[in-house]
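Biologist: Can you walk me through this one? I would like to start with a hairpin.

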Amino acid sequence: MKAPIKTVTTIAAAALFAIGLAGCGDKPTASVGKTVVSGAADIGGAYKLINQDGVAVTEITALGKPQLIYFGFSYCPDVCPTALQKMGAVQARIDPAADKLNYLFISVDPERDTPESLKLYVTANGFPKGLTGLTGTQDQIDAVKSAYKVYSQKVPTPDSAADYTVDHSDIIYLMDKDGTFVEFFFGKSTVPEMAERIRTHLKTGK
Ligand code: NI
């Protein structure tokens, strides 16, 4: 797999990404030290993926409203459900502005995350209402991961019923209605704090 993350230019940004990394595996990821970014302004961009209804979409499909985007995989036992439930709690908290955002879950495990399996997954209890699940070919997923500077790595799990797990970044991205990066939220971000920052963003009309 090609390196999803590009050259470092700021130590601060690299540190933020290091905080944002969390494995779904047992061990802390060994790749934190190599995680580097080229700057927040570069985050986001064009992609072609398939939604949970089997419909081909691009980044344009989600424009028109600010977006919260999370990258993960449906087999993830804890990190992804926790993040998506947090997103759901944020949605509930900013009601009635909740429908002013688009909520996206992008798979880093396209091998197992088919549109059919995502269709069920996105309706899980506590996840945001209207959550869109996106998957694609491995190349399409690699491209969108690269665009968002997302780290993920398959990790074999010979002792488990599943063949592998996937260590991945634990970051919720806030993008504006034109698809421009606004800010990240990490595991430590609380629901009230996220809701407040999103409300503040919504006031900008972007
Ligand atoms: Ni996960």
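Modeller: This is a predicted model. In it, β9 and β10 form a hairpin with 5 residues between them. Gly179 sits in the turn and has a positive phi of about 85°.

Biologist: How many bridges join β9 to β10?

Modeller: There are 5 bridges between strand β9, residues 171-175, and β10, and the strands run antiparallel.

Biologist: Now the core. How many residues are in the largest nonpolar one?

Modeller: The largest nonpolar core has 52 residues. Those with the most contacts inside it are Leu68, Tyr70, Phe71, Tyr148, Tyr173 and Ile198. Helix α2, residues 79-93, supplies the largest share of this core, 6 residues.

Biologist: What is Ile198 in contact with, leaving aside neighbours within four places in sequence?

Modeller: Ile198 is in contact with Leu68, Val90, Ile94, Leu101, Leu174 and Phe185.

Biologist: Switching to α4. Which of its residues are buried?

Modeller: In helix α4, residues 138-147, the buried ones are Ile141, Asp142, Val144, Lys145, Ser146 and Ala147.

Biologist: And which strands do those pack against?

Modeller: The buried residues of α4 pack against β2 (48-51), β4 (67-72), β5 (102-107), β6 (132-135) and β7 (152-156).

Biologist: What comes just after α4?

Modeller: Lys149, with a positive phi of about 55°, comes just after α4.

Technical notes: Residues are numbered from 1 along each chain as its sequence is written. This is a predicted model: local features need pLDDT of at least 70, side-chain atom pairs count only at pLDDT 80 or more; totals for chains, interfaces and linings use all residues. Side-chain values use heavy atoms; hydrogens and water are left out. Buried means under 20% relative accessible area, exposed over 50%, partly exposed in between (1.4 Å probe, protein chains only). Helices (H or I, at least four residues) and strands (E, at least two) are DSSP runs, numbered from the N terminus. Contact means heavy atoms within 4.5 Å. A nonpolar core is a set of buried Ala, Val, Leu, Ile, Met, Phe, Trp, Tyr and Cys residues joined through side-chain atoms within 4.5 Å. Two strands pair if DSSP finds at least two bridges between them.
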